[in-house]
Amino acid sequence: MQIDLLIKPGWVITVNQTDQVLKQHAVAVHAGKILAILPEADAEATYQATKTVVLPQQAILPGLINAHTHAAMSLLKGLADDLPLMAWLQEHIWPAERQWANQQFVYEGSKLAIAEMLRSGTTCFNDMYFFAEETVKAVQESGIRASLGMILVDFPTTYAADVDTYLQRGLALREQVKDDPLISLCFAPHAPYTVSDQSLQRLQSLAEAFKLPIHIHMHETAQEVAQAVALNQERPLARFERLGLLNQRFLAVHLTQLNTSEIALLAYKQVQVIHCPESNLKLASGFCPVAQLIAAGVNVALGTDSNASNNDLDLFGEMRTAALLAKAVDQDASVVSAHQVLRMATINGAKALGLDQAIGSIEIGKSADLITINLGGLEAQPMYDPISHLVYCTTREQVSWVWVAGKALLEERKLSTLNEAELIKSAQHWQSLIGETAG
């Protein structure tokens, strides 16, 4: 049988229900989907591939899923470091965005972010930012998969003057991408303190009508929660439960401030939790109780947050940090294992975005969103457990190949759809503009 692609790695790390790892197996890809996973000898006897990629020292695994980021903010990387969240936002990031966040900024910043994510093994990202129409262009040019947020805040920005306009632009975006198989959408109210009850109720009606997720920062800092209690006499999660917003399509990002009853509520409502450990550490926002959430049955996925608060989009680093941080927070070395963290970066992210039937694991019939990791170098020796190696020992520089829907977007670490030199030139141009103004 003639097929498009046959990949023959040293290990196939499936991230299926049993976390199966296969040796001397091949992955057959045709028409953008995984056609078969079978022993190499059987693959050679069964298929004639247009392209065969032989990688005996590499592992193949599902592409990583960055479940929360702000791609265009890559152009603000390092602009205001070593500050707490609200000072960082109010005194530096929001003023910079008011001055610079236009269509060109979003388009060029998103392309820069996508290139970094592809070279880090990310094949799908969930974005929240203004001018998502420009992010669409960057996504389509690159070939990456994306879930894009229809942003909503209660105050005017360069993107929209009022709530009506935010919602209108979001619905126009939905119409624009409705036929693109690599782009999905979610509603993206910024945070409890920037969106009113009235706006949330309007958004909830639309989310129910279109069966789309709601993606929001939530319980990010102790200050946020304390201010909410002072203003509304209730914590943000209680407010959102009162408004009827908590369900399996609700993506709550950060959640560094949780009590026992709130963890139980999240589990009961099947809320999706997006953990951004490195951004939370850098902004000193607190610790998400990941081990307790997992023990309660909550689906926890991983995000990097933005390049402005991280300062990278590296999910391999995020996996390692998530595992180590959870052990220190719980003072228990057995919690949040390497296997669990790999799932957080793959199938759990797919589940959070409602895409787990299509991506997140290497299984027959799923989209061929795949990456390979070079495990043949000196620093990778010896290796007893490939999954532990991926979490505790691997860096993004070992990412070798990346495919999305069967199309190679990274080949032996070279971007195939984006021009690296042009991206560097663009980033340096923005650095000159923004840096001069910022002093």
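## A tour from the inside out

Start by selecting Q204, A207, E208, L212, I214, G244, L245, N247 and R249, the residues that line the largest cavity. You are looking at a predicted model, and this cavity has a volume of about 60 Å³. How many cavities of 30 Å³ or more does the structure hold? There are three. Such empty space shows up when a probe the size of a water molecule is rolled over the atoms.

Now colour helix α6, which covers residues 197-210. With three residues, helix α6 gives the most to the lining of the largest cavity.

Next, pick C186 and show its sulfur. Is C186 buried or exposed? C186 is buried, as its relative accessible area is 1%. The closest cysteine sulfur belongs to C124 and lies 10 Å away, so the two are too far apart for a bond. Move on to C276, which is in no disulfide either: the sulfur of C288 is the nearest cysteine sulfur, at 9.1 Å. C276 is buried too, with a relative accessible area of 0%. A disulfide is a covalent bond that links the sulfur atoms of two cysteines. With a cut-off of 2.5 Å between the sulfur atoms, the count of disulfides comes to zero.

Finally, turn to the surface and select L281, F287 and V329. Together they form a nonpolar patch there, with about 240 Å² of accessible area. Where is V329 found? Look in helix α12, residues 315-330. V329 has a relative accessible area of 35%, so V329 counts as partly exposed.

Key: Residues are numbered from 1 along each chain as its sequence is written. This is a predicted model: local features need pLDDT of at least 70, side-chain atom pairs count only at pLDDT 80 or more; totals for chains, interfaces and linings use all residues. Side-chain values use heavy atoms; hydrogens and water are left out. Patches are made of residues with over 30% relative accessible area and no salt bridge: like charges are joined within 9 Å, nonpolar side chains (Val, Leu, Ile, Met, Phe, Trp, Tyr) within 5 Å. Accessible areas come from the Shrake-Rupley method with a 1.4 Å probe; for residues, only the protein chains shown count as cover. A salt bridge is a side-chain nitrogen of Lys or Arg within 4 Å of a carboxyl oxygen of Asp or Glu. Helices (H or I, at least four residues) and strands (E, at least two) are DSSP runs, numbered from the N terminus. Buried means under 20% relative accessible area, exposed over 50%, partly exposed in between (1.4 Å probe, protein chains only). On a 1 Å grid over the protein atoms alone, a cavity is a set of points where a 1.4 Å probe fits but cannot get out, and a pocket is an open set with protein on both sides within 12 Å along at least five of seven lines; lining residues have an atom within 4 Å of a point. Grid points are joined across faces, edges and corners, and a volume is the space filled by probe spheres set on the points.
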